[in-house]
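Trainee: Could we go through this structure together? I would like to begin with a term that will be needed.

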Amino acid sequence: MKMPGMGWWGGMGLALGGAACAGDDPGTSPGVSVTAVAVSPAVVTLAHGATVPLSALVTGSNGQALGGAAVTWSSDAPSIATVTASGTSATVTAVAPGTTLIRAAVGNIEGTSQVTVSPPPVARVALALAVRFLLRGDSATAMAVTSDANGVPLPGRRITWSTVDSTVATVGATGVVRAVRRGATHLVATSEGQRDSVWLGVLGVRAVAALPSIISTRPGTNVTLRADVAADSGVPTDVRWRSLDPAVASVSVDGTVAALVHGRAAMEVRSAFDSTFGDTAIVIVNACLPQSLTLGVPVTDRYESTDCNGRDDVFQYTVTAHEVLQFTLSGTFANTLLPIDTLWGSGGTLRPTERSQYTAVPPGTYSVRVVRRDSSSLGAAYTLSTSVLGRFPDCVSGDVVRGAQFTAVLLPTCSTYSYQGVTDRPGLFFRFMSAPGRQVKVTVTAPDFPVYVELRPGAFAQGLAAGESVSVASPAQAVSAAYNLLIASPVAGAAGKVRVVIDP
């Protein structure tokens with residue numbers, strides 16, 4: 001039995017139930033529409049190649065979740081992330097670095113999830129440097145390539161550059177390496193905790209030496225210095241010279257020193273390639289340095305203000321046998337000629353009638369000093385002539401060393417020639433030097449016949465009986481001094497050995 005109006009309400013209900021509303025979806029409850037789609041998680045960050053599940057929550061107009069809604073999934077940028085779906089669930093796969101939106105839609109209602117794909121981490125850094133040796137001051141550019149664990153290059157990654165020893169080489173932010181000084185170091189490239197390094201050598205100069213380190217010369221003469229440059233292969237060895245005392249001596253580019261005036265000058269040489277390496281040679285410009293004199297060959301000179309001590313000309317000669325020599329000075333005679341040699345010096349002002357002096361010397365090297373009397377002789381020329389008048393037998397010992405002990409032979413053919421009073425007796429001369437401030441002691445033991453002993457300076461003279469000894473001590477001198485020891489026999493024709501000890 002029907003109730004009144006039943007047919008109308010029932011028809012109305014059927015009409016409502018069969019109508020489609022916005023947001024309706026097959027499978028949802030009749031009369032309920034989709035009002036929201038929410039994707040969870042809403043923000044995702046993935047590593048390259050990783051996956052993450054997403055879910056969509058569909059909410060109906062009744063405020064309830066609509067579990068049977070048909071959801072359509074899509075990616076705004078499949079090149080960054082792709083999505084595979086099954087209903088309200090989906091899986092997102094990271095493809096390449098970047099950010100995109102993953103969309104879940106039911107009809108025209110949709111929700112999104114922001115997916116960010118982070119770049120793959122650097123797994124390896126490969127450093128490349130075309131050269132492994134640089135000359136000091138040169139530069140080179142290094143390259144570094146980053147890649148992931150699969151060996152895929154990762155361009156654009158930040159590289160940090162460094163060197164193990166920045167005093168040897170430095171490197172800039174773009175990989176430009178500059179050689180600072182000779183040595184070795186490692187160049188390092190670092191990116192995201194990974195690093196690579198290569199060995200780098202810097203070639204340069206090892207040392208510079210000026211040779212000789214000290215040299216003496218006279219004013220107005222030239223001497224040549226040389227530079228010894230120790231450097232690695234391929235490093236230039238050019239040098240630059242300069243005088244630190246140009247008023248005393250100058251130096252040319254090839255190391256030739258021109259001595260100007262009496263004094264001491266330092267000549268500096270430095271590597272032209274690396275000026276931090278250098279050395280200094282000392283040039284002593286000595287007006288008292290003897291000039292060479294060859295016996296028998298006249299020497300012509302003049303008095304100059306640059307002479308030794310401002311007044312002396314010094315000459316040096318050598319004899320190889322016991323000789324009697326004559327020295328003759330001509331031209332200007334208002335001067336002094338002394339000493340003719342260091343064994344028997346004779347001095348005094350020469351008068352016009354005293355043009356020659358004589359001396360007898362054993363083999364050795366001696367000096368002659370020509371001294372002007374006053375400034376009136378400046379610029380005056382003179383000639384010093386020499387000649388050998390005769391020779392003596394080789395009986396005389398020359399220089400002896402302090403501390404020496406020796407035995408000398410007195411022979412009848414050896415004469416004390418220069419010693420007055422015993423010129424026909426055999427004799428020997430010895431010469432030695434004393435150190436400043438030190439006493440000299442000489443001990444002489446006679447052979448089996450008497451001898452006469454004299455030490456000069458000191459004015460000591462004593463006769464010894466056969467086999468007798470005597471010790472002579474000289475006072476200490478403030479400066480070094482030359483001593484002459486004469487040993488003669490008062491017995492004509494005597495021959496025997498005499499023992500001498502020189503003890504400083």
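Mentor: Let us begin with accessibility: a residue is buried under 20% relative accessible area, exposed over 50%, and partly exposed in between, using a 1.4 Å probe and protein chains only. Trp199, at 35% relative accessibility, therefore counts as partly exposed.

Trainee: What kind of model is this, and how are residues numbered?

Mentor: This is a predicted model, with residues numbered from 1 along each chain as its sequence is written; local features need pLDDT of at least 70, side-chain atom pairs count only at pLDDT 80 or more, and totals for chains, interfaces and linings use all residues. Side-chain values use heavy atoms, and hydrogens and water are left out.

Trainee: What is the mean pLDDT of the chain?

Mentor: The mean pLDDT, the predictor's confidence in each residue from 0 to 100, is 80, and 77% of the residues reach 70 or more. Residues 1–27 stay under 50, and the model gives them 13 contacts (heavy atoms within 4.5 Å) beyond four places in sequence. Where pLDDT is low, the predicted coordinates should not be read in detail.

Trainee: Changing topic, how many aromatic pairs does the structure hold?

Mentor: The structure holds 4 aromatic pairs. Rings of Phe, Tyr and Trp (its six-membered ring) pair if their centres lie within 6.5 Å; planes under 30 degrees apart count as stacked, over 60 as edge-to-face and the rest as tilted. Phe133 and Trp199 are edge-to-face, because their planes stand at 75°, with the ring centres 5.3 Å apart.

Trainee: Where do Phe133 and Trp199 lie in the chain?

Mentor: Phe133 is in strand β10 (residues 133–135) and Trp199 in strand β17 (residues 194–203), 66 residues apart. Strands (E, at least two residues) and helices (H or I, at least four) are DSSP runs, numbered from the N terminus.

Trainee: Which residues form an aromatic cluster?

Mentor: Tyr317, Phe327 and Tyr366 form one cluster. The rings of Tyr317 and Tyr366 are tilted, since their planes lie at 40°, with centres 5.8 Å apart.

Trainee: Are Tyr317 and Tyr366 buried or exposed?

Mentor: Tyr317 is buried at 1% relative accessibility, and Tyr366 is buried at 3%.

Trainee: And how many salt bridges are there?

Mentor: A search of the whole structure finds 12 salt bridges, each a side-chain nitrogen of Lys or Arg within 4 Å of a carboxyl oxygen of Asp or Glu. One of them joins Arg369 and Asp312 at 3.3 Å, N to O. Arg369 lies in strand β33 and Asp312 in strand β29, so the pair ties together parts 57 residues apart in sequence.
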